[in-house]
Amino acid sequence: MFFDSWIVEQNHHLQELVFASKAFDVSGRSVLIQDVVEQVVQHYEHYYKTKSMWAKKDILSMFSPTWTHSLEKAFMWAGGWRPATAFHLLYSKCGLQLEAAFEDDYHLPTGLNSTGDLGDLSHSQMVRVDELHKSTLREEKMITEKLAKKQETIADSSMVGLTHSQTTELMIRMEEHDQLGLVDAALAPKEKGLVGILQMADELRLKTLKELILILTPIQGVYFLIAAAELHLKIHEWGKNRDASRNHHW
């Protein structure tokens with residue numbers, strides 16, 4: 001299965017990111033960093049390209065992916081992670097690393113500017129992050145509204161007409177494949193619209209990731225990608241374990 005192999009690769013990239021962060025020296029000269037960041041971004045691009053291909057074949061499964069668990073599904077937006085989540089991740093990690101710097105005697109107080117991690121974000125970086133956050137929220141809102149309108153079409157005349165008592169009686173006398181043909185015909189334009197919405201959502205997810213990394217320094221980009229991978233892998237693991245536990249009790 002594609003996602004199973006993709007997540008194994010993500011785990012591998014996480015180890016490379018951690019190694020690159022440890023190999024980084026304070027002078028900032030580490031050829032590993034840029035190469036690893038580019039590989040990780042390409043890995044995300046590969047995921048969305050493959051997802052887009054499958055969406056054209058089975059869009060409904062992309063809004064409730066079989067490779068995700070209940071925990072992941074509960075926090076999904078338009079078939080994936082909400083782009084604004086990237087900023088909350090950045091702010092959370094920034095706060096944690098800044099707190100760690102204050103607790104480290106070697107970084108008090110002048111050493112704070114030499115940590116190089118996400119706790120070291122400059123004022124100009126924070127301004128750019130804030131601007132990107134606001135523009136991302138505007139695009140999110142637009143996509144959310146488009147999705148809401150598309151979801152409402154499940155009760156339009158083409159669908160309600162198929163559930164009307166007289167139509168239902170007629171369909172009962174039809175062959176099963178003919179019945180499904182009528183349903184498929186009614187759903188076709190709705191599914192086509194969902195494909196477009198998923199594509200917009202995935203493009204925003206990838207654009208947000210890339211633009212955030214451009215704002216960060218190379219080593220900060222590594223720390224951010226480490227945090228993103230750790231969060232995704234752990235939520236996937238927790239979701240899997242929680243579902244297995246519930247299924248066992250049932």
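**Ground rules**

I am working on a predicted model, where local features need pLDDT of at least 70, side-chain atom pairs count only at pLDDT 80 or more, and totals for chains, interfaces and linings use all residues. I number residues from 1 along each chain as its sequence is written, and my side-chain values use heavy atoms, with hydrogens and water left out.

**Overall fold and confidence**

I found 10 helices and 0 strands in the protein chain. For these I use DSSP runs numbered from the N terminus: helices are H or I with at least four residues, strands are E with at least two. Along the sequence I read the pattern α-α-α-α-α-α-α-α-α-α.

I checked pLDDT, the predictor's confidence in each residue from 0 to 100. The chain has a mean of 88, and 86% of its residues reach 70 or more. Helix 8 (residues 165–172) has the lowest mean among the elements, 60, while helix 6 has the highest, 97. A note to myself: where pLDDT is low, the predicted coordinates should not be read in detail.

I see that buried residues make up 38% of the 250 residues in the chain. I also looked at contacts, meaning heavy atoms within 4.5 Å. Of the contacts with a separation of 6 or more, 78% are between residues 24 or more positions apart.

**Salt bridges**

My search of the whole structure gave 8 salt bridges, each a side-chain nitrogen of Lys or Arg within 4 Å of a carboxyl oxygen of Asp or Glu.

I started with Lys 210 and Glu 45, whose side chains meet in a salt bridge at 2.5 Å, N to O. This pair links distant parts of the chain, with Lys 210 in helix 9 (residues 176–215) and Glu 45 in helix 2 (residues 31–55), 165 residues apart. Lys 210 is partly exposed because its relative accessible area is 32%.

Next I went back to Lys 51 and Asp 202, which form a salt bridge at 3.1 Å, N to O. Here too distant parts of the chain are linked: Lys 51 lies in helix 2 and Asp 202 in helix 9, 151 residues apart.

Then I took Lys 207 and Glu 139, with a salt bridge at 2.7 Å, N to O. Lys 207 in helix 9 and Glu 139 in helix 6 (residues 123–152) are 68 residues apart, another link between distant parts of the chain. Both ends are partly exposed: Lys 207 has a relative accessible area of 33%, and Glu 139 has 26%. I also noted one network in which salt bridges that share partners join Lys 51, Asp 202 and Arg 205.

**Lys 190**

Why does Lys 190 count as buried? I find its relative accessibility is 9%. Lys 190 is in helix 9, and its side chain makes a polar contact with the side chain of Asp 156 at 2.7 Å. By polar contact I mean a pair of N or O atoms within 3.5 Å; within protein, one must be able to donate a hydrogen and the other to accept it, and residues adjacent in sequence count only if both atoms are side-chain atoms. Leaving out residues up to four places away in sequence, Lys 190 touches Lys 150, Thr 153, Asp 156, Ser 158 and Met 159.

**The nonpolar core**

I define a nonpolar core as a set of buried Ala, Val, Leu, Ile, Met, Phe, Trp, Tyr and Cys residues joined through side-chain atoms within 4.5 Å. The largest has 52 residues, and Tyr 44, Leu 90, Leu 212, Phe 224 and Leu 225 touch the most other members. Helix 9 gives this core its largest share, 11 residues. Setting aside neighbours within four places in sequence, I see Leu 225 in contact with Leu 17, Val 37, Val 40, Tyr 44, Leu 209 and Ile 213.

I located His 46 in helix 2, where its relative accessible area of 40% makes it partly exposed. Not counting residues up to four places away in sequence, His 46 touches Phe 2 and Trp 6.

Last, I looked at which residues are buried in helix 6, and among them are Val 129, Leu 132, Thr 136 and Ile 143.

Note on methods:
Buried means under 20% relative accessible area, exposed over 50%, partly exposed in between (1.4 Å probe, protein chains only).
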